[in-house]
Amino acid sequence: MSQTPATSMAEETAARLDYVLQLADTSLVLGQRLGELLGHAPTIEEDLGMANTSLDLIGQARLLLALASEIEGQDRSEDQLAFLRTESDFRNLVLVEQPNGDFAQIIARQFLLDAYQLTLYEKLQQSSDQRLAAIATKSLKETQYHYRYSGGWLVRLGDGTEESHNRAQRAIEQLWPFTCEMFDEQDSDRLLVRLGIAPPMADIEAGWSALIDEVLREATLERPARVPYRWFGRRGVHSEHLGYLLADMQYLQRTYPDARW
Amino acid sequence: MNASTGWPLFEIFIRARAGLDHKHVGSVHAVDARMALEHARDVYTRRLEGVSIWVVRSSDITASDPQDADSLFEPARDKVYRHPTFYDIPEEVKTL
């Protein structure tokens, strides 16, 4: 015990709760963003594809929020966590709250996140937290498909016409600054790594980077330079877009509390 | 071809369970076979309908002409003896 800094149970619980909320909120917010595309995708087949991905992500968020609710131990249900927390309580990556934009931006955002979740879930399967490991194993299968889908599209766009190439390159460059916070390691992260609950950020970054490089090369797109600026969605500091998204998502529960169907 | 996208049409065949045949279930528009597989997965297997998917470009299918139906199919109509039920099976045959 003298080797490692003493941590209280409260600190460990707070770190675990924060970590699970980060995973849950990232899936939830992107699920909501993709839900906005219902009826607006370029073809009916893509429409269903986006909806499927959206439902996968919301399903992941439900499992994770239920786990968060248990860790928190304050009788807040998964629904209350999703629909009654405010902006600064959300722990999602700023990347996923970015507006849909054109199709290249939708695909680029999806791809950058899919590569992240793919690497993360793969490693989380070995988490010392059995429930987190089980959720990771289930989510990994869905994410493998998401990655295949968004990666395939990115290659088609990048290696397509001049117009689609330019739009894809622009989308990657626009979203790139938001990727830095994925690997931003906090004290709480280091604590979870020591406990074997979370994989080290450096491992995730290496895995993510390799996936990104492979697909960008095939898509004839250029990897932007590393942007030192860090967004802090994982610490509750968001862009101006999240508030509008939550207003949409939470309207019903806030207007008609405890409404069910 | 889809009028708005110019994407070709693919016919989709799904095998519901191991050991069964692939059955035609519909079609999707896609730019290539890989995308057609993904679309077929998203459109036709959302409720666990299948364990395997085949996609075939609709333009690669050669179909019989409905106008030829008379010459192709009518001649079989009066040949009921081609059905196994046409024949009386002798009682002595137990295991046919």
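## What counts as a pocket

On a 1 Å grid over the protein atoms alone, a pocket is an open set of points where a 1.4 Å probe fits, with protein on both sides within 12 Å along at least five of seven lines; its lining residues have an atom within 4 Å of a point. This is a predicted model, where local features need pLDDT of at least 70 and side-chain atom pairs count only at pLDDT 80 or more, while totals for chains, interfaces and linings use all residues. Residues are numbered from 1 along each chain as its sequence is written, and chains are lettered from A in the order in which they are written.

## The largest pocket

There's about 700 Å³ of space in here, a volume being the space filled by probe spheres set on grid points joined across faces, edges and corners. The lining runs to 20 residues, with A:Asp79, A:Phe83, A:Gln253, A:Ala259 and A:Trp261 nearest the centre.

Which helices of chain A each supply at least two lining residues? They're H1 (9-35), H2 (44-72), H3 (78-83) and H10 (241-255), helices being DSSP runs of H or I, at least four residues long, numbered from the N terminus. Sorted by class, the lining has 11 nonpolar, 4 polar and 5 charged residues (Ala, Val, Leu, Ile, Met, Phe, Trp, Tyr, Cys and Pro are nonpolar; Asp, Glu, Lys and Arg charged; the others, Gly among them, polar).

## The second largest pocket

This one holds about 310 Å³. Its lining includes A:Asn52, A:Leu55 and A:Asp56, along with B:Arg41, B:Asp42 and B:Thr45. Two or more residues each come from H2 of chain A and helix H1 (33-44) of chain B, and H2(A) has the largest share, 3 residues.

How values were computed
Side-chain values use heavy atoms; hydrogens and water are left out.
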